[in-house]
Structures are given as structure tokens and as C-alpha cells.
Amino acid sequence: MSSPVAVPAGRRRWRIGIDVGGTFTDLVAVPGDGASWSPADAITHKVPSTPHDPSEGVETGLAQLLARGIAVEDVAAVAHGTTIGLNAILQGRVARAALVTSAGHRDVLQIARARMPRSFDLHATPARPIVPREHVLEVAQRFAADGAAVGDGAGADGVDDAELGRLVERLAAVAPEVVAVSLVGGYAARDAEQRLADRLAAALDVPVTSAAAVWPEAGEYERTTLALLDAQITPLMTGYFTALRERLSRLRIDARVYITTSNGGSVSIEDAIRRPVQTVLSGPAGGVSAAATAWPGTDMVTVDMGGTSSDIGVLRGGRPVLTTTATVGPHPLMTPVVEVSAIGAGGGSVVSADRSGARPVLRVGPASVGAVPGPAAYGAGGTQPALTDAYVHAGVIDPATFLGGTFPLRADLATAALARVADELRDGEVSGSDPGPARADGVTDAALRVASVGMAARLRTVLAAHGEVPERYTFVAFGGAGGTHAALLADEVGVRRVLVPAAAGTFCALGAAIAPIRRDVARTVRTVVGEQNAEALTAASAGLEREVLDWLRTQDVAAAGTVTLSADLRYAGQPTTLEVVLAERPTDGAGAEPLRLEIEPVLRRFAEQHERVHGFVDPTATVRAETLRASVSVRLGEVRPGHGGAAFVKTGARDVRYDGTPRPASVHTLAQDGEASVTGPAVIEKPDTTVLVPAGWTATTDDGGNLHLVRGPAGSGAEAATKNEEG
């Protein structure tokens with residue numbers, strides 16, 4: 001790990017965040033000395049992504065960013081969010097893996113949770129196991145819930161030398177590139193399972209992953225799957241992170257390197273190499289993390305609308321909602337991750353005629369035109385229209401000012417591509433009196449509507465699962481198309497407030513730059529929550545606290561942080577649990593006062609949460625704790641309000657259509673001097689995104705350059721509520 005570089009007095013240190021998307025690679029540099037900073041201090045940059053080798057686009061973007069006035073020696077840290085592991089899993093481009101498990105449990109992956117993918121579809125077929133059955137081998141060893149060995153082996157891990165030799169021979173016949181070890185009850189015997197993994201690694205000379213080392217929580221199928229996912233992407237991610245280091249070295253960047261993680265935090269690159277599965281959902285988590293840091297204490301729904309999809313996240317009280325039931329494709333991901341729900345509706349989502357039914361219907365996504373060739377308006381050879389083409393034809397996006405005028409578009413190509421879809425919807429019939437632009441109008445109107453309805457349905461489902469409704473939330477819209485579509489989505493679900501960050505187009509990269517250093521751990525306990533067990537629960541929670549603090553000392557971070565202790569609780573006999581906070585404790589990494597859990601407040605918080613989510617409480621029922629959890633989080637500086645703010649300067653007017661009717665709309669940019677508010681219909685053009693302000697909406701700005709869209713006139717109570725909620 002690099003040592004801090006001495007910087008002359010008055011020199012500014014920088015922390016650079018990188019987010020590699022399907023279309024663009026975004027970079028943001030923020031002051032990296034740990035002090036508070038303003039969004040106006042950030043430097044943003046975008047370059048086209050390089051799908052054949054994402055690190056190439058990263059190197060190109062960093063070189064161009066540095067050329068804008070950042071000295072190499074002033075780079076304090078580089079934080080990188082990546083979806084390489086996620087894409088590899090979804091596309092099946094992973095290492096050949098084998099699994100070692102306990103005797104009698106060879107079918108753990110086939111049985112899974114014994115559920116069909118669709119309960120009422122008699123023809124549904126289960127998902128293909130993550131590794132084939134012939135790659136699953138057994139050993140006699142297993143462990144009880146208290147960690148006691150059950151097998152008859154003589155080795156320290158319950159496997160004697162003779163059995164190990166036979167196992168190695170069978171594994172050699174499979175010729176795996178990686179191996180995972182997941183023994184029954186291994187979560188309670190981490191050291192024993194790790195010893196077996198180490199012995200196999202020495203004998204086979206391939207990476208061997210212990211499931212208990214990755215995540216020691218009960219749930220044989222989920223823990224085994226997680227270990228296999230981690231093992232399968234280890235060679236790929238190790239290679240990518242090594243290549244990343246080499247490219248940074250070519251740029252002479254000698255700084256600490258962090259990788260963002262699925263829980264909204266970040267870890268050192270060494271930690272990411274040791275456990276790459278923690279990075280697979282880090283890309284979508286970046287924007288949620290940025291919103292939590294920039295606007296603490298606010299109930300928000302984040303809408304990250306990029307080139308391929310729209311990712312929807314939820315922050316309650318300014319904290320990201322985490323889940324332990326996320327999936328990667330059909331595979332469960334049992335570690336805590338920021339709950340983000342994706343729908344295939346982004347700027348690059350294909351607008352097409354679906355001919356699978358009795359008559360053609362319009363479809364938006366989930367297929368995407370990607371970075372190459374991109375939407376038809378890019379003029380790069382693409383013939384399939386995308387949602388971006390609809391924005392162009394609708395007049396929302398000006399081809400000449402797209403991305404600040406650095407990426408001019410072709411409106412004629414967008415219109416022609418949309419008109420072809422209209423012809424397909426008419427079964428190839430083209431009216432001689434119906435010119436191309438008119439045919440494209442109908443497709444544009446339908447595409448915007450279909451995208452809004454699809455995102456709204458997903459959003460309502462996400463919030464309903466937490467007993468919430470959209471109306472009480474503020475939208476935070478970012479990504480290249482977030483501000484373009486946010487008000488249309490808000491109208492669809494009844495939300496009255498939309499916030500578009502100052503750096504909306506690079507907000508996930510900002511999230512990488514300011515993501516806190518964070519680690520989560522867990523331990524299965526399965527016990528009653530009561531005064532009689534207070535000491536045992538306290539001791540177990542204190543052990544988890546020590547574990548995360550020991551880890552924090554390896555991350556080269558001196559700032560103070562917070563340890564959050566929680567538990568998955570349920571009524572006895574109930575199949576599902578609710579995570580309830582036990583305690584929050586500040587720490588400087590050097591320890592804290594002895595922990596003492598108070599049971600009564602814990603039970604009260606559980607009852608309140610159960611009432612909100614399930615609609616009832618049962619004071620007579622026994623409450624049980626299934627899993628104890630701990631997380632440590634260290635923030636890297638604070639975001640403070642900007643200085644000077646910005647105002648709206650009118651640059652022209654044009655017709656826009658977003659609800660089936662063309663409307664005259666004023667066009668504005670942001671500058672220091674101008675109008676304090678804009679009433680829709682209006683379009684606000686920024687270098688990184690275009691923001692649509694429909695009729696009935698009013699836009700204002702704050703000192704940080706963020707846009708506030710409120711349904712209703714300027715100065716209304718809704719706008720005041722937005723300002724108050726954001727502190």
C-alpha cells in the first residue's frame with residue numbers, strides 16, 4: 001500500500017472516483033484531505049467506455065483528467081467502481097469451478113430452496129446450478145450448530161491424510177481452475193473449514209475458497225453459492241485489478257487504491273482481491289452512497305438512469321436500505337448489499353416492435369444498443385432506435401448541445417430509425433400522406449410513456465415491500481438520462497419533489513470518490529431475545545465489533561467512524577426476519593467503552609418496525625434472534641453547501657413533446673447571474689445532462705448547484721418542504 005506523499009503547504013490533495021458504465025466511463029475528482037468540500041470544488045470528466053478492456057478507458061480518462069490541472073503527486077487516492085464481476089457472472093464467463101461439501105449434501109445446488117421459478121407455471125424449469133453435479137465432491141466431515149466436529153476423520157479439520165489424498169485425486173480429474181469448500185455447519189467452525197481449504201490449495205496449486213471465510217452465516221445453499229461466485233470470479237478480478245495497478249503505474253499515480261463494494265462502501269484493492277464477490281453490485285450502489293453522504297437525514301428514492309438501465313434505490317432517514325436477499329441472475333447473494341432494483345429502461349434501451357403476440361406492440365428495452373454503435377442519433381452505424389433517439393426527436397435533447405456540445409447528434413437519423421419502428425407496428429405499411437417525422441411522433445410518445453410506466457411499476461413494488469408509498473419521498477435523479485426523465489416518472493407515481501445533483505451525469509463516480517470505508521460481518525446465533533440472554537447477546541455482539549475494528553486497522557484510514565450493531569429478529573415460528581439496530585457506537589479505530597445491550601429498547605424497536613412492515617404486533621409472542629450483524633463505516637470528509645449558487649439564463653425556445661402534444665418550451669443554461677426559478681414547460685441544458693421541466697413543475701437551484709424540481713409554482717409549500725428535508 002502506498003505511503004502518503006508529502007505535499008507542500010497550500011497544495012490540494014485529490015481523491016478520484018471512477019465509474020465504468022456500459023456507454024461512458026465517468027471520473028470525478030474531489031478534495032481528498034478529509035475536510036469538507038463543496039460540489040463546486042469537484043472536477044468531472046467523461047470518456048467513452050472500452051468494453052474489450054475497461055481498464056483502457058480508465059487509463060484514458062485518468063490521463064485526460066490529470067491534464068485538466070491535477071498534479072500526479074497530488075492524487076491521494078483512486079476509488080473505482082466496477083461491474084466486471086457482475087457481467088462475468090451474468091454472461092457465464094467465469095472460471096471452471098469445483099465444490100467440496102459434506103457427505104450426503106452433494107445435491108445442495110440442485111435442491112437449492114426447492115422452489116420453482118414461477119409457482120403457477122407447470123412448465124417452468126429450475127435455474128441451472130452454478131456448477132454441474134459432477135463437479136461436486138464429498139468429504140465425511142461436517143459440523144454441528146455449535147461448531148463441534150461430527151465426522152470421524154483424524155485431521156485437525158476432520159479430514160485425514162488418506163481421505164485428503166483421495167479427494168485431491170478426484171479433484172484433479174475434474175481439472176478445476178478454482179475450488180470452493182462449504183461444509184455443513186462450517187459457519188460455526190471457520191478455522192477448521194479454512195484449514196481444509198489451505199491443505200487443498202497446497203495440494204492442487206489452484207485458488208481454494210472457504211465459504212465460512214467469505215460469509216459465516218447459516219443457510220447452506222446461500223453460503224455455498226456465495227463461495228462459488230467468489231471463487232469463479234477470483235482469477236478474472238485479480239487479473240483486472242492487476243491491470244488497473246499497471247495502468248496507474250504508467251500514469252505515475254502512486255496513491256492508495258480503493259474498490260467500491262455492494263454495501264455502498266469501499267475497501268482497499270488488496271481486500272477486494274481477497275474477496276471479489278463483495279464488489280459485484282458496487283456500480284449501482286455508488287449513486288445511493290453519494291446521495292446518503294450529500295443529503296443525510298432525508299427520505300429519498302434514487303433513480304440512476306444511465307445508458308443500459310434505470311437503477312432504483314431507497315434511503316430512509318438518509319441511510320441506504322440494505323438487503324441480504326439480493327440475487328445475481330438466479331443466484332442468491334446473502335451478504336448485505338444496497339437494495340437496488342434495476343429495470344431495462346435507459347438512454348440506450350432499444351425501442352422496438354414486439355411481434356411475438358397476435359399484433360405488434362411497442363417495447364422499450366431490456367436490450368440496449370450499448371456504447372457501440374449506440375443510439376441511431378450517435379451516427380456510429382446504429383440502426384436500432386433507443387430512448388435517447390426519442391428524446392432527440394421529442395425536442396428534449398438538442399443535438400448540437402448534447403454533452404456540452406462535445407458530442408453532436410444526428411436528429412435525422414433518430415427520426416428515421418423511429419419511423420421504421422412505426423412501419424413495423426403497422427406490419428410494414430407506410431402511408432403516403434404520413435411523412436417520417438409524423439410516424440416517429442407516435443413512436444416517441446409511446447416510448448416515453450412505456451418507459452415511465454415500467455419504471456413506476458418497479459418503484460411501487462420496491463417501496464411496498466418496506467411498507468412505504470412514493471408520495472412521501474424525494475426523487476434524486478442522476479445518470480445521463482436521470483434528469484431527462486425524472487419529472488415524467490414523478491408524475492406517473494405522484495411524487496412532488498425531484499432533486500437533480502449538480503454532477504448528475506457523473507454521480508456514481510462521485511459516489512465512488514466519497515464512499516465510506518465500510519465492512520459488514522455476521523454471526524448466526526438462533527436464540528431468544530430476553531433479559532436472560534442479555535449477557536450472551538452482548539458478548540457475541542462485542543466479538544463482532546472487535547472483528548470489524550481489527551479489519552478497519554488494515555485499511556490505512558485514520559478518521560473516526562461508527563460501528564452499527566444489529567440483529568435479524570422474528571417472532572417464534574415466523575418464517576421471515578426484520579433487521580433491528582441494537583446499538584450505534586462511535587469509534588476512532590482504537591476501541592470503545594465496554595458494550596452493554598439494553599433488551600427493552602431492542603424489543604420496542606422490533607415492535608415498531610413489525611407494525612410498519614406487517615401491520616401488527618404480538619406482545620405475547622417470543623422474539624428470537626437469528627443472526628447478529630456488525631458494520632463499521634468511516635466517512636471520508638463531508639459535503640458542504642456551495643458558494644454563490646447558480647441561476648437560470650434563457651438561451652432560446654423550441655417545441656418539445658412528452659405527453660403526446662408538442663408544447664413551446666423555454667431553454668435555459670446555468671450561470672451566476674439570471675432568474676431564480678423556471679416554470680415549465682422548460683428544458684435546462686447542462687454539460688452532463690439535459691433536465692426536462694414539464695408543465696406544472698417549477699425548477700430552482702441551491703448554493704451547491706443542485707436543481708430542485710417541484711410540482712407547483714415557485715415558493716409553494718412543496719418546495720419549502722424539500723428544502724427543509726434536505727437540511
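Guide: Five cavities of 30 Å³ or more are held in the structure. A cavity here is a set of points, on a 1 Å grid over the protein atoms alone, where a 1.4 Å probe fits but cannot get out; lining residues have an atom within 4 Å of a point. Grid points are joined across faces, edges and corners, and a volume is the space filled by probe spheres set on the points. Rolling a probe the size of a water molecule over the atoms shows where empty space is left.

The model is predicted: local features need pLDDT of at least 70, side-chain atom pairs count only at pLDDT 80 or more, and totals for chains, interfaces and linings use all residues. Residues are numbered from 1 along each chain as its sequence is written, and side-chain values use heavy atoms, with hydrogens and water left out.

Start with the largest cavity. Its volume is about 110 Å³. The lining has 13 residues; Asn-263, Arg-275, Gln-278, Thr-335 and Pro-336 lie nearest the centre. By class, the lining residues are four nonpolar, five polar and four charged. Nonpolar covers Ala, Val, Leu, Ile, Met, Phe, Trp, Tyr, Cys and Pro; charged covers Asp, Glu, Lys and Arg; the others, Gly among them, are polar. Strand β23 (residues 517-528) gives the most to this lining, with three residues. Strands (E, at least two residues) and helices (H or I, at least four) are DSSP runs, numbered from the N terminus.

The second largest cavity holds about 60 Å³ of space. Its lining divides into ten nonpolar residues, no polar and no charged. They are Val-529, Leu-537, Ala-567, Leu-569, Leu-582, Leu-597, Ile-599, Val-602, Ala-625 and Leu-628. At least two lining residues come from each of β24 (561-571), α16 (599-614) and β26 (623-634).

Buried means under 20% relative accessible area, exposed over 50%, and partly exposed in between (1.4 Å probe, protein chains only). Helix α15 (residues 534-552) has 19 residues. From first C-alpha to last it reaches 27 Å, close to the 27 Å expected at 1.5 Å a residue. That expected span is 1.5 Å times one less than the number of residues.

Helix α14 (residues 507-514) is largely enclosed by the rest of the structure, because eight of its eight residues are buried. Among them are Phe-507, Cys-508, Leu-510 and Ile-514.

Next, strand β33 (residues 707-711). It is mostly covered, with four of its five residues buried. Two strands pair if DSSP finds at least two bridges between them. Strand β22 (residues 497-500) pairs with β33 in the antiparallel sense, over four bridges. There Arg-497 stands opposite Val-710. Strand β32 (residues 697-701) also pairs with β33 in the antiparallel sense, over five bridges. Here Thr-701 faces Leu-707. The hairpin of β32 and β33 has five residues between the strands, and Gly-705 takes a positive phi near 85 degrees in it.

Now an open sheet of four strands, in the order β27-β28-β30-β31, with mixed pairing. Its edge strands, β27 (647-657) and β31 (690-693), each pair on one side only. The twist averages 25 degrees from one strand to the next. Axes are lines fitted to C-alpha atoms, for helices over the stretch in contact, and angles run from 0 to 180 degrees between N-to-C directions. Strands β28 (residues 662-671) and β30 (residues 682-685) pair in the parallel sense over three bridges. Ser-666 is opposite Ala-682 in β30.

Another open sheet has four strands in the order β6-β5-β7-β8, with parallel pairing. Leu-99 stands opposite Val-136 in β6.

Finish in a loop. Gly-382 is found between β20 (361-368) and α10 (387-393). Gly-382 is buried, with a relative accessible area of 15%. The C-alpha atoms of Gly-382 and Ala-417 are separated by 9.1 Å, while the two residues are 35 apart along the chain.

Technical notes. 1 Å grid on protein atoms, 1.4 Å probe; cavity = no way out; pocket = protein on both sides within 12 Å on 5 of 7 lines; lining within 4 Å.
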